[in-house]
Amino acid sequence: MSDVEQSTPVVPRPEVLPAEEWSFPQPRETVLPNGIRALVHDVPGQYVISVRTSVPAALRHEPREVEGVAWIMARLLDEGTRTHGQRELSELLERRGIAIGTGMSEASLGIDMDVPQRHLAEALDLMTQCLTEPELAEGEVARLRRTRLAEIEQERASAGRRALKQWAATYYDPATRASRPASGTAESVAAITREDVVAFHEAHVHPEGTTVVVAGDLSGVDVDGLLARTIGAWTTGGRTVSVDPVPAPRAADAARVVLVDRPGSVQSEILLGSPGPDRRIDSGWAPFPVLGYVVGGAPNARIDQVLREDKGYTYGIRAGFRPRQVGSAFVVSGSVRADSTVDSLRLLTQILDDVAGGLTEEETRAGVDFMTLTAPGRYDTADAIADETSGLAGDNLPLTFTSDVIAAMRGLTADDLDRAWRE
């Protein structure tokens, strides 16, 4: 034995302790002068501040003949204001390192902004201008209309997007907005004019019911004063339509099989959808994300173990619950080799049927551990905290919801998952 080996101390392997219980951080809540709800997270060390603004604005209020107008309106918000034209605004955002993104969901307009702490005041002012006085220039409306029409053509060539559109059109009542593409069809988008975009903005973008979330290192920052002087000073005439959540009813003939022929395809896209709960279900939401993970939420889930690992039919098929404001769907989607389509459908049906026979404690523990033990990492940054808080507020859920669900997950058993699956 060498002298080095003789002198090297033996260090015992450290003991691995169970992870401590974790809860989602709770924001400080204030109300701005115009009634906007402000939720503030001070996250030390996070010097890029994340701001999330959620404005209630429901897609179901789009005029049927110009569906997609909300998408174009949202995308135009950061394309120039009455104070700063498109080029000037773009240069201001770039010089200050301000990133702004906008979009529409089922029932809200969202504006996401990330900015270095030292430029927060100017960023809030620019974000407020984008929200309250967008230029909505004729040329930009025409450009985005062309962009959306080109995207629709590209989506027709995507098996996954094609399947999702066909499923929505089949599953939901054709009279409900959920049955049609959120950003419009080729016919409705082609009909959109600047006047339609301006009218939708004036009718549906208001401070009433709006929530703003700020997360990041706020030491030395008068965030309440900044918010009050910017988005808190926004006033309008008020809403004229309800933004209360409404269900999206299923079609009377939703329980059926639809085939979409795509000659020459080397893969078949499979999408199965059935009813599921929303996050307000009386029995509790906790089992459902775990169920989705165990059945088809990971490479080691039941579906991939058979169709990917055992058979080699797919690169991966995913399953999970997709909650809406009211109700949801359990969706299984993915592509398989075209020559394995029939056997894949047979096996997939068998796998889903077998779930009703019960899950094992080992599967349950794997799902619970993944959902609970990775949560601190998933919500470790200011942007993730802001996103989750904004989502909870926009869905009118308690701000303790994430923590409550994770706490409930820790106590789940296989019997709990079985009951939730049967429900």
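Reply: Start at E29, which stands opposite L39 in β2. Strands here are DSSP runs of E with at least two residues, helices are runs of H or I with at least four, and both are numbered from the N terminus. This is a predicted model, where local features need pLDDT of at least 70, side-chain atom pairs count only at pLDDT 80 or more, and totals for chains, interfaces and linings use all residues. Residues are numbered from 1 along each chain as its sequence is written, and side-chain values use heavy atoms, with hydrogens and water left out.

Now widen the view. β1 and β2 (residues 37–42) run antiparallel, joined by four bridges. Two strands count as paired if DSSP finds at least two bridges between them. The sheet is open and has six strands, in the order β1-β2-β6-β3-β5-β4. Its pairing is mixed. β1 (28–31) and β4 (99–104) are the edge strands, and each pairs on one side only. Neighbouring strands are turned by 15 degrees against each other on average, direction ignored. Axes are lines fitted to C-alpha atoms, for helices over the stretch in contact; angles run from 0 to 180 degrees between N-to-C directions.

A helix covers part of this sheet. α2 (residues 69–76) lies across β4 and β5 (108–116). Its direction is at about 170 degrees to β4. Contact means heavy atoms within 4.5 Å.

Next comes helix α3 (residues 86–95), which contains E88. E88 has 38% relative accessibility, so it counts as partly exposed. That class lies between buried (under 20% relative accessible area) and exposed (over 50%), with a 1.4 Å probe and protein chains only. The side chains of E88 and H84 make a polar contact of 2.9 Å. Such a contact is a pair of N or O atoms within 3.5 Å; within protein, one must be able to donate a hydrogen and the other to accept it, and residues adjacent in sequence count only if both atoms are side-chain atoms.

From E88, look across to S274. The two are 186 residues apart in sequence and 49 Å apart in space, C-alpha to C-alpha.

There is also an open sheet of three strands, β7-β9-β8, with antiparallel pairing. β7 (267–276) and β8 (317–323) are its edges; each has a single partner strand, so one side of each lacks a neighbour in the sheet. Here too, neighbouring strands are turned by 15 degrees on average, direction ignored. β7 and β9 (residues 328–337) share 10 bridges. G273 has V331 in β9 as its bridge partner. Helix α10 (residues 287–296) lies across β8 and β9, at about 165 degrees to β8.
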